[in-house]
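Welcome! Please open the sequence and the model side by side. The tour below is meant to be followed with both in view.

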Amino acid sequence: MGMGGRRMAVGVAVGVLAGVLAGCSSGGSADAKGASGASSSAVTGSVATGTAGGTAPASATAAPSASATGAGAAPSAAGAATAGATAGTGSGAPVPPPAAAATPGADLEGVLLDDKVVGQVLPDVKAMAGWDEEKRKVDTADHATTCTASTPCAGKPLSGSVRFSSGDLVTRFLVDTLPSRDAAKDRLKEAYASYPVGPFHKVDTPVLGSESQAFVGPLSVGDGVSIVVRSGTVVASVTTEGGPVDVNAARRFAVMLIKRIEQAQSGKAPDAGLGPA
(Lines give C-alpha, C1' and ligand atoms only; values in the text may rest on other atoms or scores of the structure.)
Protein backbone atom coordinates (compact mmCIF):
# COMPACT_ATOMS: atom_id res chain seq x y z
CA MET A 1 0.00 0.00 0.00
CA GLY A 2 1.32 3.38 -0.88
CA MET A 3 1.60 6.37 1.37
CA GLY A 4 -1.75 7.69 0.12
CA GLY A 5 -3.47 4.40 0.79
CA ARG A 6 -2.17 4.27 4.35
CA ARG A 7 -3.36 7.83 4.99
CA MET A 8 -6.80 6.94 3.70
CA ALA A 9 -6.95 3.86 5.89
CA VAL A 10 -5.96 5.90 8.97
CA GLY A 11 -8.60 8.50 8.16
CA VAL A 12 -11.28 5.83 7.85
CA ALA A 13 -10.23 4.28 11.17
CA VAL A 14 -10.32 7.64 12.93
CA GLY A 15 -13.74 8.33 11.50
CA VAL A 16 -15.07 4.96 12.67
CA LEU A 17 -13.60 5.51 16.16
CA ALA A 18 -15.12 8.98 16.38
CA GLY A 19 -18.46 7.58 15.34
CA VAL A 20 -18.24 4.86 17.94
CA LEU A 21 -17.28 7.38 20.65
CA ALA A 22 -20.08 9.68 19.60
CA GLY A 23 -22.52 6.82 19.73
CA CYS A 24 -21.32 5.79 23.17
CA SER A 25 -21.55 9.36 24.35
CA SER A 26 -25.06 9.69 22.98
CA GLY A 27 -26.19 6.40 24.50
CA GLY A 28 -24.65 7.31 27.85
CA SER A 29 -26.53 10.57 27.90
CA ALA A 30 -29.75 8.79 27.06
CA ASP A 31 -29.10 6.24 29.74
CA ALA A 32 -28.26 8.98 32.19
CA LYS A 33 -31.39 10.84 31.24
CA GLY A 34 -33.38 7.63 31.54
CA ALA A 35 -31.86 6.92 34.91
CA SER A 36 -32.51 10.49 35.99
CA GLY A 37 -36.08 10.25 34.76
CA ALA A 38 -36.56 6.93 36.51
CA SER A 39 -35.06 8.34 39.65
CA SER A 40 -37.28 11.37 39.44
CA SER A 41 -40.30 9.18 38.80
CA ALA A 42 -39.30 6.97 41.68
CA VAL A 43 -38.96 9.98 43.98
CA THR A 44 -42.26 11.38 42.78
CA GLY A 45 -43.82 8.00 43.24
CA SER A 46 -42.31 7.70 46.70
CA VAL A 47 -43.66 11.10 47.66
CA ALA A 48 -47.06 10.17 46.34
CA THR A 49 -46.90 6.83 48.04
CA GLY A 50 -45.69 8.48 51.24
CA THR A 51 -48.53 10.95 51.08
CA ALA A 52 -51.02 8.19 50.60
CA GLY A 53 -49.34 6.20 53.33
CA GLY A 54 -49.40 9.24 55.60
CA THR A 55 -53.10 9.62 55.02
CA ALA A 56 -53.82 6.07 56.09
CA PRO A 57 -52.03 6.31 59.46
CA ALA A 58 -53.76 9.60 60.12
CA SER A 59 -57.09 7.88 59.62
CA ALA A 60 -55.97 5.01 61.80
CA THR A 61 -55.05 7.46 64.55
CA ALA A 62 -58.29 9.34 64.20
CA ALA A 63 -60.36 6.19 64.36
CA PRO A 64 -59.07 5.07 67.76
CA SER A 65 -59.42 8.63 68.96
CA ALA A 66 -63.03 8.73 67.86
CA SER A 67 -63.54 5.29 69.29
CA ALA A 68 -61.98 6.34 72.57
CA THR A 69 -64.16 9.40 72.63
CA GLY A 70 -67.23 7.32 72.04
CA ALA A 71 -66.18 4.83 74.67
CA GLY A 72 -65.40 7.60 77.12
CA ALA A 73 -68.78 9.17 76.57
CA ALA A 74 -70.69 5.94 76.90
CA PRO A 75 -69.85 4.69 80.40
CA SER A 76 -70.79 7.70 82.50
CA ALA A 77 -70.58 11.41 83.04
CA ALA A 78 -68.07 10.71 85.80
CA GLY A 79 -65.74 9.05 83.26
CA ALA A 80 -66.07 12.02 80.94
CA ALA A 81 -65.35 14.40 83.81
CA THR A 82 -62.24 12.41 84.73
CA ALA A 83 -61.08 12.45 81.10
CA GLY A 84 -61.67 16.19 80.98
CA ALA A 85 -59.73 16.70 84.18
CA THR A 86 -56.88 14.60 82.78
CA ALA A 87 -56.76 16.66 79.60
CA GLY A 88 -56.88 19.86 81.64
CA THR A 89 -53.74 19.00 83.59
CA GLY A 90 -51.73 18.28 80.44
CA SER A 91 -49.83 15.62 82.40
CA GLY A 92 -51.69 12.67 80.92
CA ALA A 93 -51.96 11.15 84.40
CA PRO A 94 -55.46 10.30 85.63
CA VAL A 95 -56.84 12.82 88.08
CA PRO A 96 -58.66 11.31 91.07
CA PRO A 97 -62.22 12.50 91.63
CA PRO A 98 -62.65 15.19 94.28
CA ALA A 99 -63.00 13.90 97.80
CA ALA A 100 -66.49 13.62 99.05
CA ALA A 101 -67.58 16.36 101.24
CA ALA A 102 -67.03 15.75 104.91
CA THR A 103 -70.03 14.18 106.56
CA PRO A 104 -71.42 16.46 109.28
CA GLY A 105 -71.28 14.90 112.69
CA ALA A 106 -67.91 13.21 113.04
CA ASP A 107 -67.80 10.53 115.74
CA LEU A 108 -65.76 12.72 118.08
CA GLU A 109 -64.13 11.28 121.19
CA GLY A 110 -64.23 14.47 123.25
CA VAL A 111 -66.14 14.11 126.52
CA LEU A 112 -68.28 16.88 128.03
CA LEU A 113 -68.12 16.27 131.77
CA ASP A 114 -68.23 19.90 132.86
CA ASP A 115 -71.61 21.28 133.91
CA LYS A 116 -70.69 24.78 132.76
CA VAL A 117 -69.94 23.49 129.24
CA VAL A 118 -73.15 21.46 129.17
CA GLY A 119 -75.08 24.56 130.19
CA GLN A 120 -73.52 26.39 127.23
CA VAL A 121 -74.37 23.56 124.83
CA LEU A 122 -78.07 23.90 125.62
CA PRO A 123 -79.57 26.63 123.40
CA ASP A 124 -80.22 30.02 124.97
CA VAL A 125 -82.68 32.81 124.18
CA LYS A 126 -80.23 34.25 121.65
CA ALA A 127 -80.16 30.99 119.69
CA MET A 128 -83.95 30.60 120.11
CA ALA A 129 -84.98 34.10 119.13
CA GLY A 130 -88.73 34.54 119.39
CA TRP A 131 -89.13 31.75 121.96
CA ASP A 132 -89.53 32.03 125.73
CA GLU A 133 -87.21 30.00 127.93
CA GLU A 134 -89.14 28.27 130.73
CA LYS A 135 -86.93 25.68 132.43
CA ARG A 136 -83.21 25.00 132.39
CA LYS A 137 -81.12 22.71 134.54
CA VAL A 138 -78.02 20.51 134.54
CA ASP A 139 -77.91 17.43 136.76
CA THR A 140 -75.59 14.55 137.30
CA ALA A 141 -76.56 11.67 135.01
CA ASP A 142 -78.30 9.87 137.90
CA HIS A 143 -80.23 13.09 138.65
CA ALA A 144 -79.08 12.88 142.27
CA THR A 145 -77.48 16.33 142.18
CA THR A 146 -78.50 19.52 140.43
CA CYS A 147 -75.38 21.35 139.36
CA THR A 148 -75.07 24.99 140.43
CA ALA A 149 -72.33 27.53 140.90
CA SER A 150 -72.06 26.45 144.52
CA THR A 151 -72.38 22.75 143.67
CA PRO A 152 -70.33 22.12 140.53
CA CYS A 153 -70.44 18.69 138.89
CA ALA A 154 -67.25 18.62 136.84
CA GLY A 155 -65.79 15.23 136.01
CA LYS A 156 -69.10 13.35 136.07
CA PRO A 157 -71.53 12.15 133.41
CA LEU A 158 -74.21 14.82 133.17
CA SER A 159 -77.76 15.43 131.98
CA GLY A 160 -78.91 18.85 130.87
CA SER A 161 -82.28 20.06 129.65
CA VAL A 162 -84.05 23.24 128.61
CA ARG A 163 -87.62 23.97 127.51
CA PHE A 164 -88.88 26.77 125.25
CA SER A 165 -92.39 27.78 124.28
CA SER A 166 -93.96 29.99 121.65
CA GLY A 167 -97.73 30.17 122.03
CA ASP A 168 -98.96 26.58 122.08
CA LEU A 169 -95.71 25.22 120.66
CA VAL A 170 -93.21 23.60 123.00
CA THR A 171 -89.65 22.55 122.18
CA ARG A 172 -87.41 20.61 124.57
CA PHE A 173 -83.69 19.96 124.34
CA LEU A 174 -82.04 17.16 126.32
CA VAL A 175 -78.31 16.37 126.46
CA ASP A 176 -76.71 13.37 128.20
CA THR A 177 -72.91 13.32 128.35
CA LEU A 178 -71.11 9.99 128.76
CA PRO A 179 -67.50 9.04 129.56
CA SER A 180 -66.98 7.11 126.30
CA ARG A 181 -68.50 6.43 122.91
CA ASP A 182 -69.37 2.87 123.92
CA ALA A 183 -71.28 4.19 126.93
CA ALA A 184 -73.04 6.66 124.63
CA LYS A 185 -74.02 3.88 122.24
CA ASP A 186 -75.58 1.96 125.12
CA ARG A 187 -77.42 5.08 126.25
CA LEU A 188 -78.69 5.61 122.71
CA LYS A 189 -80.21 2.12 122.66
CA GLU A 190 -82.05 2.93 125.89
CA ALA A 191 -83.31 6.18 124.38
CA TYR A 192 -84.57 4.39 121.27
CA ALA A 193 -86.32 1.81 123.43
CA SER A 194 -88.28 4.57 125.18
CA TYR A 195 -90.21 5.11 121.92
CA PRO A 196 -92.01 1.76 121.59
CA VAL A 197 -93.41 0.58 118.29
CA GLY A 198 -97.16 1.05 118.26
CA PRO A 199 -97.62 4.43 119.87
CA PHE A 200 -94.58 5.71 117.96
CA HIS A 201 -93.42 5.16 114.43
CA LYS A 202 -90.04 5.89 112.89
CA VAL A 203 -89.60 8.55 110.25
CA ASP A 204 -86.79 8.38 107.71
CA THR A 205 -84.68 11.53 107.79
CA PRO A 206 -81.03 12.24 106.89
CA VAL A 207 -78.66 11.14 109.66
CA LEU A 208 -77.46 13.75 112.13
CA GLY A 209 -74.37 13.43 114.27
CA SER A 210 -72.89 9.94 114.47
CA GLU A 211 -76.30 8.28 114.25
CA SER A 212 -79.89 9.38 114.75
CA GLN A 213 -83.54 8.44 114.48
CA ALA A 214 -86.75 10.45 114.30
CA PHE A 215 -90.00 9.30 115.92
CA VAL A 216 -93.57 10.57 115.73
CA GLY A 217 -96.09 9.79 118.44
CA PRO A 218 -97.85 10.95 121.62
CA LEU A 219 -95.91 13.34 123.85
CA SER A 220 -96.95 15.47 126.83
CA VAL A 221 -99.51 17.66 125.07
CA GLY A 222 -100.42 15.61 122.01
CA ASP A 223 -98.66 14.08 119.06
CA GLY A 224 -95.24 15.44 118.32
CA VAL A 225 -91.79 14.69 116.94
CA SER A 226 -88.74 13.39 118.77
CA ILE A 227 -85.31 13.23 117.17
CA VAL A 228 -82.72 11.25 119.12
CA VAL A 229 -79.07 11.71 118.19
CA ARG A 230 -75.67 10.42 119.26
CA SER A 231 -72.69 12.66 118.60
CA GLY A 232 -69.59 10.84 119.76
CA THR A 233 -69.86 10.57 123.55
CA VAL A 234 -73.05 12.63 123.79
CA VAL A 235 -76.66 11.50 123.37
CA ALA A 236 -79.19 14.25 122.76
CA SER A 237 -82.84 14.62 121.85
CA VAL A 238 -85.15 17.32 120.58
CA THR A 239 -88.93 17.15 120.92
CA THR A 240 -91.52 19.45 119.39
CA GLU A 241 -95.24 19.35 120.22
CA GLY A 242 -98.34 21.49 120.76
CA GLY A 243 -99.07 22.11 117.11
CA PRO A 244 -99.15 20.31 113.79
CA VAL A 245 -96.62 17.46 113.56
CA ASP A 246 -93.67 19.06 111.77
CA VAL A 247 -90.65 16.79 111.28
CA ASN A 248 -88.71 19.45 109.36
CA ALA A 249 -89.08 21.98 112.17
CA ALA A 250 -87.89 19.43 114.73
CA ARG A 251 -84.93 18.56 112.52
CA ARG A 252 -83.99 22.23 112.26
CA PHE A 253 -83.74 22.43 116.06
CA ALA A 254 -81.79 19.16 116.16
CA VAL A 255 -79.28 20.42 113.61
CA MET A 256 -78.60 23.46 115.79
CA LEU A 257 -78.16 21.33 118.91
CA ILE A 258 -75.74 18.95 117.20
CA LYS A 259 -73.67 21.87 115.93
CA ARG A 260 -73.42 23.24 119.46
CA ILE A 261 -72.40 19.82 120.81
CA GLU A 262 -69.71 19.42 118.15
CA GLN A 263 -68.40 22.92 118.83
CA ALA A 264 -67.98 22.03 122.50
CA GLN A 265 -66.36 18.69 121.65
CA SER A 266 -63.87 20.58 119.48
CA GLY A 267 -63.00 22.95 122.34
CA LYS A 268 -64.98 25.90 120.96
CA ALA A 269 -67.61 28.00 122.67
CA PRO A 270 -71.04 26.74 121.51
CA ASP A 271 -72.77 29.55 119.64
CA ALA A 272 -74.62 27.91 116.72
CA GLY A 273 -78.10 29.23 116.12
CA LEU A 274 -81.05 28.18 114.02
CA GLY A 275 -80.33 27.93 110.33
CA PRO A 276 -82.74 29.01 107.59
CA ALA A 277 -86.23 27.56 107.98
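What follows is a short walk through the fold, the sheet, the aromatic rings and a few individual residues.

## Ground rules

This is a predicted model, in which local features need pLDDT of at least 70 and side-chain atom pairs count only at pLDDT 80 or more, while totals for chains, interfaces and linings use all residues. Residues are numbered from 1 along each chain as its sequence is written, and side-chain values use heavy atoms, with hydrogens and water left out.

## The overall fold

The protein has five helices and seven strands. Both kinds of element are DSSP runs numbered from the N terminus: helices are H or I with at least four residues, strands are E with at least two. Their order along the sequence is α-α-α-β-β-β-α-β-β-β-β-α.

Of the 277 residues, 28% are buried. Here buried means under 20% relative accessible area, exposed means over 50%, and partly exposed lies in between, with a 1.4 Å probe and protein chains only. A contact means heavy atoms within 4.5 Å; among contacts between residues at least 6 apart in sequence, 51% join residues at least 24 apart.

The seven strands make an open, antiparallel sheet in the order 1-2-3-7-6-5-4. Strand 1 (132–140) and strand 4 (201–203) are its edges, each pairing on one side only. From one strand to the next, the twist averages 20 degrees. Two strands count as paired if DSSP finds at least two bridges between them.

Let's step through some of the pairings. Strand 2 (residues 158–166) and strand 3 run antiparallel and are joined by nine bridges, with Val162 partnered by Phe173 in strand 3. Their hairpin has two residues between the strands, and Gly167 there takes a positive phi near 65 degrees. Strand 3 also pairs with strand 7, antiparallel over eight bridges, and Val170 has Glu241 in strand 7 as its bridge partner. Strand 5 and strand 6 are antiparallel too, joined by nine bridges; a hairpin of two residues connects them, and Val216 stands opposite Val225 in strand 6.

Lys202 stands opposite Phe215 in strand 5. Helix 4 (residues 181–193) packs on the sheet, touching strand 3 (169–177), strand 5, strand 6 (222–231) and strand 7 (234–241), and its direction makes about 165 degrees with that of strand 6. For such angles, axes are lines fitted to C-alpha atoms, for helices over the stretch in contact, and angles run from 0 to 180 degrees between N-to-C directions.

## Aromatic rings

Rings of Phe, Tyr and Trp (its six-membered ring) pair if their centres lie within 6.5 Å; planes under 30 degrees apart are stacked, over 60 edge-to-face, and the rest tilted. By this rule there are six aromatic pairs. The centres of the Tyr195 and Phe215 rings are 4.7 Å apart and their planes are at 10 degrees, so this pair is stacked. Tyr195 sits in the loop between helix 4 and strand 4, and Phe215 in strand 5, 20 residues apart, so the pair links distant parts of the chain. Both residues, Tyr195 and Phe215, are buried.

Elsewhere, ring pairs link Trp131, Phe164, Phe173 and Phe253 into a cluster.

## The last helix

Helix 5 (residues 247–265) has 19 residues and spans 26 Å from its first C-alpha to its last, close to the 27 Å expected at 1.5 Å a residue; the expected span is 1.5 Å times one less than the number of residues. Asp246 caps the N-terminal end of helix 5, with a side-chain oxygen 3.2 Å from the backbone nitrogen of Asn248. After helix 5 comes Gly267, whose phi is positive, near 85 degrees.

## Two residues to look at

His143 lies in the loop between strand 1 and strand 2. Most residues other than glycine have a negative phi, but His143 has a positive one, near 60 degrees. With 52% relative accessibility, His143 counts as exposed.

Glu133 is in strand 1 and is partly exposed, at a relative accessible area of 33%. Leaving aside neighbours within four places in sequence, Glu133 is in contact with Asp124, Val125, Val162, Arg163 and Phe164.

Note on methods. A polar contact is a pair of N or O atoms within 3.5 Å; within protein, one must be able to donate a hydrogen and the other to accept it, and residues adjacent in sequence count only if both atoms are side-chain atoms.
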